[in-house]
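Please open the model in your viewer and keep the selection panel at hand. The tour goes from one selection to the next, with a short note on what to look for at each stop.

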Amino acid sequence: MILSSKNIHDLIDARQEGFSLERPFYEDDKIFKRDMEKLVGERWVLADHASRIPNVGDYFLFEIGKESIIVIRSTTSKIEAFFNVCRHRGSQLCSEAQGNKKRLTCPYHAWTYQLDGTLRPPPQMPQEFDPSLFSLHACHIKEFNGFVFLCLSKGTPPDFEEEYGGFSETLNFHGFKNAKVAARRQYPNACNWKLVVENFLECYHCAPAHAEYCSVHSRDQLLALGAGPGSGSEAAVAKYQPIVDAWNTKAKSLGHPTSMIDRDETSLDMAQLVRLPVNDRDYQSETKDGHPASKILMGQFKTFDNGITSISFNPLGYVLASNDFAMVARFTPRTATETDIEVLWLVDETAVEGEDYDVENLMWVWDVTIKQDKIITEANYAGIKSSRYQPGPYSTQEARVETFIKWYINGIR
Amino acid sequence: MILSSKNIHDLIDARQEGFSLERPFYEDDKIFKRDMEKLVGERWVLADHASRIPNVGDYFLFEIGKESIIVIRSTTSKIEAFFNVCRHRGSQLCSEAQGNKKRLTCPYHAWTYQLDGTLRPPPQMPQEFDPSLFSLHACHIKEFNGFVFLCLSKGTPPDFEEEYGGFSETLNFHGFKNAKVAARRQYPNACNWKLVVENFLECYHCAPAHAEYCSVHSRDQLLALGAGPGSGSEAAVAKYQPIVDAWNTKAKSLGHPTSMIDRDETSLDMAQLVRLPVNDRDYQSETKDGHPASKILMGQFKTFDNGITSISFNPLGYVLASNDFAMVARFTPRTATETDIEVLWLVDETAVEGEDYDVENLMWVWDVTIKQDKIITEANYAGIKSSRYQPGPYSTQEARVETFIKWYINGIR
Amino acid sequence: MILSSKNIHDLIDARQEGFSLERPFYEDDKIFKRDMEKLVGERWVLADHASRIPNVGDYFLFEIGKESIIVIRSTTSKIEAFFNVCRHRGSQLCSEAQGNKKRLTCPYHAWTYQLDGTLRPPPQMPQEFDPSLFSLHACHIKEFNGFVFLCLSKGTPPDFEEEYGGFSETLNFHGFKNAKVAARRQYPNACNWKLVVENFLECYHCAPAHAEYCSVHSRDQLLALGAGPGSGSEAAVAKYQPIVDAWNTKAKSLGHPTSMIDRDETSLDMAQLVRLPVNDRDYQSETKDGHPASKILMGQFKTFDNGITSISFNPLGYVLASNDFAMVARFTPRTATETDIEVLWLVDETAVEGEDYDVENLMWVWDVTIKQDKIITEANYAGIKSSRYQPGPYSTQEARVETFIKWYINGIR
């Protein structure tokens, strides 16, 4: 697909408020490259949970677009990230998705790097060769409440504290630093990353497409806040507010966090954090029957408050945390028409599989929901390919999608 | 493949009469797009037989290039066609190849359309939203003697009656309106649609490539009229004419149609209709042994006249009808180098499988022939990829291919 | 991949001596097309061993880039080569990788060519058609000491004798003309042909990547001459020279050839021929244990001299010959990011499998080595895709890679 008739700037300028994007934004390679450079590549992206690499030398590969990043624990207290590219002839240093390395030795010519990225002087190099100029290319990295974030920018990354500092109290209360990954699953999607994001930011489709998800929540809640604050109409929010208020009072009385963050399309990342009741029934956790998913409460929770903490670091990274477990969703753009979703399920690090929690039960709501989302986002793209596709109008329940599109247009302009 | 050295107009102007096309016409994406827009998209294309959707709500999908069309029976007497694109966010409405729908409800957000394409007012839409402006995009449709034709044009389609009105008497005599689909098979071809058409419009290759087809027909016939009128040399036609004349006399005496239509490269569609004897032996039907394929004669045939009716609606749609069954061939361009062939075998709607006809026997001639064509057209394209390929000269038995190429060049100019 | 920011000439001019190439050289389609036209297509490429087609009418297909060439024995003493493209409508004439043909008859319309490429007058052609103008497009061919070389150029090919005449004495001594192919294996590589060549022209990677290969040779040898003359540092060459000198004296005393050819980056083909000891131990042949691979010595060898003859016709074709067998490696560019390696193992034509040689033992060293090379060259390309890849510095042990890159830049300028 080659962008020809209109250029990208014309398309950006022509974007009609309240309507979905023109077709090229969902499939054009040049726009995808621009998305990756100006937007994805310049923000902090959620990469994984730090518990994946507990020991010195443990590493995993984070792959996005055409990049492969080695995320490796260099000391007991420090994680480093490097582009998976040898400075000699460019070979990838690591090919396995994860492992443990004492040093990073290239499989091609054995150029060897310390875990801090510095090159050990290789043999047979010309006299003038200076190893200190050939350290691995570092990738910006930030460990934050147990989560690992990367920024692929060649320049200075955004100020992490400024963007996410306000999340600390709640994240800390949830004890994510002392969590472990109970389950992990990949969901490849044959569509552009923006279709995946748009789908995740509205609950207008929940009733038609997600019977299981709807069975766990309540209709009024989904209408008002199905995809977080800003995703429902004013009327729906007003109707549901009393239930939220009552839950807030209860949570506060237990000493549980209730603060809210909700940034708009002019912000760097549309960051959002909100705590809400699971539903208006007596559900303790976001599970099939509302019973806890794990016998061990996470973090500082001593008793269930029946709440769910909804966190959006940015349009590519989310955490939805009950009191006893959390699901973490990462969207990874691969090509203009391919996006990988990875979901992690976290529980307290002391919880024992089979005794304290059942993996299938833990995964149930979101595993079935993300599989349904794959079908509908791929059908969405199939229709967009038609010559008759034209941007269509958003409903009031898709207000947050409109926010996202404005944010996106701002970001690539 | 990107067209670079010569532009399309230069290639069109440089076309040498009597020779095959230059390589880019067989693989360039821009030329394919132009083919689809200026030619395929502006003509009536044969889509299927109406018996596929007998009941209100029955639908099938017709897919061509990047388009998917829902062809659905909206009332007992009317079939409608819509682009398979929701007016909300563009999702495909139907994903199954066929089925029955009371309404067309989008699987994404449940926007719901009546079978006439009008949108039921969806919930949660902004006040200013006017559902009447968001009906499905209709596709031009024409039901004609049991066949369903579509025209994908955004503008006014060609006048159907003017083009095909002259076919009615013969089609009606064959009773295609009261036919049913006895068998259906897909044959994907890894080559440009024009190579598929060129192959179908000449019988110069019959002797080398189609032993089975040749066993059913006669050599003189294939030389004179193997791919219909205009496909053989004058000498061959003259030699075979007495046999045609004798058969014509006989058919007329039975009251069977014998009129002929044969439009040239200056016409809209190169439409052609001709009745000929199956061969110069005593074959009643185009079958392995010349015996009838079905015990039930179609339409108004009371006795076998040993004729075959050869119909070309346009270069993408054909019917070859014996007295007791017909094969319908549709060529569907998918990409610059992919073309699907679908063949339908029709019998009278009252004929009973196993009793009146045997499916394997019915399909034999054309199933084996189309499979052979796949091999030779793909080998043709494999050779065309070489730097040494250059347009080659047509034989006198490929006269109709030359007509087609002239028609094609006229159409995309 | 579309070359945009810099054009090819800028990239060529910007090449930094002593460093690997910029990314587009390893993946850009336009550069690949240029490589094929200006370089691969204008040189003699090693196609196969003549023993593959012993009888009149025996043929094999040689495929490179988008070309398919029929190499066929037209008489007992002559081999011809033709582009696999019918002059009628362009169909490939042969689809099987090898076989025997009395004539070359197109499977489409049966146009038939003599084994010298001339067209027999086809039927049904217009009066003015002159068959003598429609012979098959010939491909330049040269049979040389049992090897078949092709040159795909439309113009005059390079002077074969001038380039390779000097190889004759040694090739003749090895008796390649009386060899047979004992084994043959394909190794498809998902990377650009230049990465395959670069890998083959240096032994800096042997220690890290090729344990088996290193076990057969000696460390000092690999440092000095691991990829032939010009592949090691001066110091390493000086250290190993006494062993080479001693071996040379011995070989000369046996009357075995010891002459050396070593052309640099300004030459047409970087042709190279050198004889060296297998290692500094008592290895008679390049096998796992140093014992002969075949009981029958090849050519004029009467006794083992423990030498190995290393021949590089050009960067795409190599022979590594012990006294009793030889491995022949051909690199065939397919697309910008795909390269097929084919390896042939030759033994004397009188040697009997199972009695005189064991195929597994014969193949061992190079089969395992080429499989390892596939992994490392593909990992090399995976890293080159990253935005952080930049040309890196060659070691002194990669001097011949630098020679190759200079030769390449000269060739496509």
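This is a predicted model: local features need pLDDT of at least 70, side-chain atom pairs count only at pLDDT 80 or more; totals for chains, interfaces and linings use all residues.

Begin by selecting domain 1 of chain A together with domain 2 of chain A: eleven residues of domain 1 are in contact with 20 residues of domain 2, where contact means that the C-beta atoms of two residues, placed from the backbone, lie within 7 Å. On the domain 1 side of this boundary, strand 1 (residues 45-49) of chain A gives the most, with three residues; strands (E, at least two residues) and helices (H or I, at least four) are DSSP runs, numbered from the N terminus. Coloured by class, that side of domain 1 of chain A has five nonpolar, five polar and one charged residues, if Ala, Val, Leu, Ile, Met, Phe, Trp, Tyr, Cys and Pro count as nonpolar, Asp, Glu, Lys and Arg as charged, and the others, Gly among them, as polar.

Residues are numbered from 1 along each chain as its sequence is written, and chains are lettered from A and ligands numbered from 1 in the order in which they are written.

Next, show chain C and look for an open sheet of three strands, which has the order 1-9-8 with antiparallel pairing; two strands pair if DSSP finds at least two bridges between them. Its edge strands, each pairing on one side only, are strand 1 (45-49) and strand 8 (140-144) of chain C. Select strand 8 of chain C with strand 9 (residues 147-151) of chain C, and you have two antiparallel strands joined by five bridges. Within strand 9 of chain C, C:Val148 stands opposite C:Glu143.

Finally, display chain A with chain B: a rotation of 120° with 0.0 Å of shift along its axis superposes chain B on chain A, with an RMSD of 0.0 Å, by least squares on the C-alpha atoms of residues with pLDDT of at least 70 in both. That is the relation of a three-fold axis.
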